[in-house]
Amino acid sequence: MTEQARTRGDRRKARTRAALVRAAQTCIAEGRTAVPILEITQLADVGMGSFYNYFETKDQLFQAAIEDALETFGGTLDTLTEDIDDPAEVFAQSFRLTGRLHRRHPELSRVLLHNGLALARSGQGLARRARRDIEAAVRAGRFTSVRDLDLALAVSAGAILTLGQLLHDDPGRDDATATDLVTEDLLRMFGIPAGEALAICQRLLPDPDDLPRQWS
């Protein structure tokens, strides 16, 4: 086989795997985790036999779908915060943008809500980045009240998940205001003075519409 043929084959395999992942993401977002593999392959418009070329089980596919979605979202957060020097503000901006995804990207939000506890413990995606940012803020002397990184991460994860559920349950509530209030409370809990926490949460954000739309 020529190098060109191998390259074409690799691209075709990547497209097939991506189609399966997107189909799984759709099923997860709709809460249809009991869907049979055949239905997933039909949704992906690939043959049933193709599934087992990439995944051994449906659970393995679903895990890949979740990780792919949150890694894409997390990578965008990294890009949007790369010019911020203060790690406390990095944490705050990421949290404020994540809170806003519950309304702007409801499918991705539902993935978070359906799998929140497992994702918070996964050490990947948003959890890995939140821990990194909290740890950086502690090292920089910004989060002076954080004594246990695992507890701080658990509090942050619980806040973003319960906030998301509240916003889904109460569609009339302003998501930006609610998210900024929760972020401000977290900053104060972690040791940022009240006035500074308020100022951080009043700073302009990048356009949330720049966030990925892999669920559209």
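Patches are made of residues with over 30% relative accessible area and no salt bridge, like charges being joined within 9 Å and nonpolar side chains (Val, Leu, Ile, Met, Phe, Trp, Tyr) within 5 Å. Accessible areas come from the Shrake-Rupley method with a 1.4 Å probe, and for residues only the protein chains shown count as cover. The model toured here is predicted: local features need pLDDT of at least 70, side-chain atom pairs count only at pLDDT 80 or more, and totals for chains, interfaces and linings use all residues. Residues are numbered from 1 along each chain as its sequence is written, and side-chain values use heavy atoms, with hydrogens and water left out.

**Surface patches**

Select Leu38, Met48 and Tyr52, which make a nonpolar surface patch of about 290 Å². Met48 lies in helix 3 (residues 48-51); helices are DSSP runs of H or I with at least four residues, numbered from the N terminus. Met48 is partly exposed, at a relative accessible area of 36% (buried means under 20%, exposed over 50%, partly exposed in between, with a 1.4 Å probe and protein chains only).

**Salt bridges**

The structure holds 13 salt bridges, each a side-chain nitrogen of Lys or Arg within 4 Å of a carboxyl oxygen of Asp or Glu. Display Arg129 and Glu71, whose closest N and O atoms are 2.9 Å apart in a salt bridge. This pair links distant parts of the chain, 58 residues apart: Arg129 is in helix 7 (residues 125-139) and Glu71 in helix 4 (residues 58-81). Arg129 is buried at 7% relative accessibility, whereas Glu71 is partly exposed at 33%.

Move to Asp86 and Arg142, a salt bridge with its closest N and O atoms 2.9 Å apart. Both residues, Asp86 and Arg142, are buried.

Then select Arg173 and Asp170, whose side chains meet in a salt bridge at 3.4 Å, N to O. Arg173 is partly exposed at 37%, and Asp170 is partly exposed at 28%.

**Cysteines**

Finish at Cys27, buried at 0% relative accessibility, and Cys201, buried at 5%. The structure holds zero disulfides (pairs of cysteine sulfur atoms within 2.5 Å).

Conventions. Helices (H or I, at least four residues) and strands (E, at least two) are DSSP runs, numbered from the N terminus.
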